[in-house]
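Please read it alongside the sequence and the structure.

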Amino acid sequence: MLWLRILSILLAYVKTKYFLKYRTRDQLEKYQMKRLAKHLRYVCKYSTFYQERLKNIPLTMTMDVLTTFPTIDKEIMMDHFDDLNTMGIGKEEAFHVALEAEESRDFEPMINDVTIGLSSGTSGNRGLFIVSEKERNAWAGTILAKLLPQSIRSREVIAFFLRANSNLYQSVSEGRIQFHFFDLLEEIKTHIQRLKQLNPTILVAPPSMMRMIAEYVDQGELVLQPKKIITVAEVLDPIDKNYIEKVFNQIIHQVYQCTEGFLAATCKYGTLHLNEDIVVIEKEWIDEKKKRFSPIITDFERKAQPIIRYRLNDILTIKEDPCLCGSPHQAIEQIEGRCDDIFYFNTNDGGSLPIFPDFVRRWIITSAPEVREYRVIQYQDSQLEIQMEPLTEHMKEQVENRIQSFLKEKNSVIPTLRFSKYQPNEKGRKLKRVERHGAF
Ligand SMILES: [Zn+2]
C-alpha cells in the first residue's frame with residue numbers, strides 16, 4: 001500500500017529531522033542505551049542465534065555490558081544465517097532468489113515482504129542481506145532527512161548512480177522528489193545525455209563517476225548547477241575531492257553506507273558524522289596514537305537481520321577539532337580505506353612495517369603535486385606498482401626519493417618500484433587508488 005509506505009518514510013524523516021535534538025554526548029548515549037535494551041529483548045525473542053548467546057540483558061544497558069557480547073563478522077553471519085535472522089528465511093532459498101533476480105535483472109529479489117540483497121565479493125564470499133519493508137521505509141526517511149538540502153517540501157530532481165541489480169526503478173517520484181536511477185554499467189555518453197535533459201538538483205554517485213561528470217563540466221560539454229553533490233560507495237580520495245569541489249565550486253558531501261548499515265553522513269559543513277542515532281559504534285583502535293579505528297557496529301533499528309557487534313574491515317580516522325555544527329555525533333576526518341589495503345614492508349631486523357593508505361596517498365600527492373590521477377598497488381612480494389597521469393621522469397624521481405627516504409627512516413627493506421601510465425578504472429569496478437593485491 002503506497003500511502004502506508006509514504007507515511008512510514010515521512011515518520012522516519014520527521015523523527016530524524018526534528019525530534020532527535022539531544023545536545024550533549026551524554027544525552028545521546030542515554031538515548032542509544034535505552035533503544036538498545038529494547039532492541040536486544042526483541043532480538044532474543046525471535047533469533048535463535050541470540051537466544052543462545054545473549055543472557056541476562058539488564059533493564060538499563062551500558063557500553064560495558066554491550067562489550068561482553070560476542071562480536072560477529074560476515075563469515076559468522078553467513079554460517080548462522082538461518083538461526084540469526086528473525087524472519088525464518090533460509091540461506092539456500094534467499095541465495096536462489098537473489099541470484100535469479102541478478103541474472104534476469106527484471107525483478108526485485110523478495111521473499112514475502114523482505115528484500116534480499118547480495119553484497120559484492122568473490123563468488124564463495126558474497127554476503128546475503130535481508131531488509132523488511134518497514135526497515136526500507138525507515139532507511140529512506142532517515143537518508144532523506146540527513147541529505148536533502150532543504151525540506152522534504154522543496155522540489156528536487158535526484159540523479160542517483162548505482163550498480164543496478166534490476167531494471168526497475170528507472171525513475172520514481174515520492175511527493176515533490178523525483179529519483180532517477182543511472183546504471184553504472186551504462187556508457188558515460190548515455191549518462192551525459194540524460195543529465196542534460198534532467199538537469200538534476202542533487203547528484204549522487206561514486207567518486208569515480210562523479211569525477212567523470214566533473215570532467216565533462218570542466219571541458220564545457222555539460223552545464224550542471226546542482227544544489228548538492230553526494231559521493232557514495234567508494235573511498236573519496238583527496239585528489240578527486242579537490243578536483244570535483246573545484247569544478248562545481250561547492251562542498252562535496254558523503255554517505256558512508258554499506259549492506260551492513262547506514263553509518264555516516266556529512267553535515268552542512270561537509271564533516272562526516274557517525275549515524276549514532278541508529279547505530280552504536282565501538283572503536284577498535286588500530287594505531288598507537290588512537291586516531292584510526294575499525295568500527296564494530298550495533299544497529300538498534302534492524303530487526304529482520306540483527307547486526308550486533310558486527311566487525312567491519314574499514315579504517316576510519318577521528319576528526320580531532322570539533323565541528324562547527326555542534327552535533328554530538330562523532331566526527332570523522334575520513335574513511336581511509338579497507339584494512340586489507342594496509343601495505344606491509346619487511347624491516348631490516350626481520351619485523352613487519354604496516355603503512356596506512358593515507359601515507360601512501362601523501363607520498364604521491366606531496367612529491368608530485370602536478371599528478372591528476374594515480375594508483376599504487378602493492379603485490380605479494382611487497383613490490384610497488386605506481387601508475388600516474390601525467391608521468392614524467394622528474395615525477396618518477398621525486399616519488400622514488402620520497403618513498404625511499406620514508407622507508408629508510410623506518411628501517412625498512414626498500415621494495416622495487418615499477419612506474420607506468422595511469423590505467424583508467426574498469427567500468428562498474430570500484431575505484432581504489434591505494435590497493436594491496438593478494439593475501440599475505
Ligand atoms: Zn558537523
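R362 counts as partly exposed because its relative accessibility is 39%, where buried means under 20% relative accessible area, exposed over 50% and partly exposed in between (1.4 Å probe, protein chains only). Its salt-bridge partner is D358, with the closest N and O atoms 3.1 Å apart; a salt bridge is a side-chain nitrogen of Lys or Arg within 4 Å of a carboxyl oxygen of Asp or Glu. D358 is buried, with a relative accessible area of 14%. Because D358 and R362 are four residues apart in helix α12, about one helical turn separates them. Salt bridges that share partners also join R211, E215, D240, E373 and R433 into one network.

The model is predicted: local features need pLDDT of at least 70 and side-chain atom pairs count only at pLDDT 80 or more, whereas totals for chains, interfaces and linings use all residues. Residues are numbered from 1 along each chain as its sequence is written, and side-chain values use heavy atoms, with hydrogens and water left out. Helices (H or I, at least four residues) and strands (E, at least two) are DSSP runs, numbered from the N terminus.

**Salt bridges**

A search of the whole structure finds 27 salt bridges.

| Pair | N to O distance |
|---|---|
| D237 and R361 | 2.9 Å |
| E187 and K427 | 3.1 Å |
| D358 and R362 | 3.1 Å |
| R53 and E52 | 3.7 Å |

The salt bridge of D237 with R361 has its closest N and O atoms 2.9 Å apart. D237 lies in the loop between β8 (228–231) and α11, and R361 in helix α12 (residues 357–367), so the pair ties together parts that are 124 residues apart in sequence. Both D237 and R361 are buried.

**Domain 2 and domain 3**

The protein is divided into domain 1 (2–131), domain 2 (153–338) and domain 3 (342–436), with bounds that come from an automatic or database domain assignment. Taken over C-alpha atoms, the centres of domain 2 and domain 3 are separated by 26 Å. To their contact (heavy atoms within 4.5 Å), domain 2 gives 22 residues and domain 3 gives 18 residues.

How much area is buried between domain 2 and domain 3? It is about 1600 Å², of which carbon and sulfur atoms give 51%; buried area is the accessible area (1.4 Å probe) that two parts lose on being put together, summed over both. In domain 2, D237, I239 and E336 lose the most area to domain 3, together 27% of what that side buries.

Between domain 2 and domain 3 the count is four salt bridges. The interface also holds 11 residue pairs in polar contact, both residues being at pLDDT 80 or more. A polar contact is a pair of N or O atoms within 3.5 Å; within protein, one must be able to donate a hydrogen and the other to accept it, and residues adjacent in sequence count only if both atoms are side-chain atoms. On the side of domain 2 that touches domain 3, the elements giving two or more residues are α10 (207–218), α11 (238–248) and β16 (331–338).

**Selected buried residues**

I244 lies in helix α11 and counts as buried because its relative accessibility is 0%. Leaving aside neighbours within four places in sequence, I244 is in contact with P207, M210, R211, A214, I229, N249 and I252. From T347, I244 is 103 residues away in sequence and 38 Å away in space, C-alpha to C-alpha.

H329 is found in the loop between β15 (314–318) and β16. At 9% relative accessibility, H329 counts as buried. Residues up to four places away in sequence not being counted, H329 touches Y22, R25, L28, K146, H273, L274, N275, E276 and D277.

R436 lies in strand β22 (residues 434–436). R436 is buried yet has no salt bridge, and the nearest side chain of opposite charge, D340, is 5.2 Å away; here Lys and Arg count as positive and Asp and Glu as negative, while His and the chain ends are not counted. A polar atom of the R436 side chain lies 3.0 Å from the backbone oxygen of I342. Apart from residues up to four places away in sequence, R436 touches D340, D341, I342, F343, Y344 and Q378.
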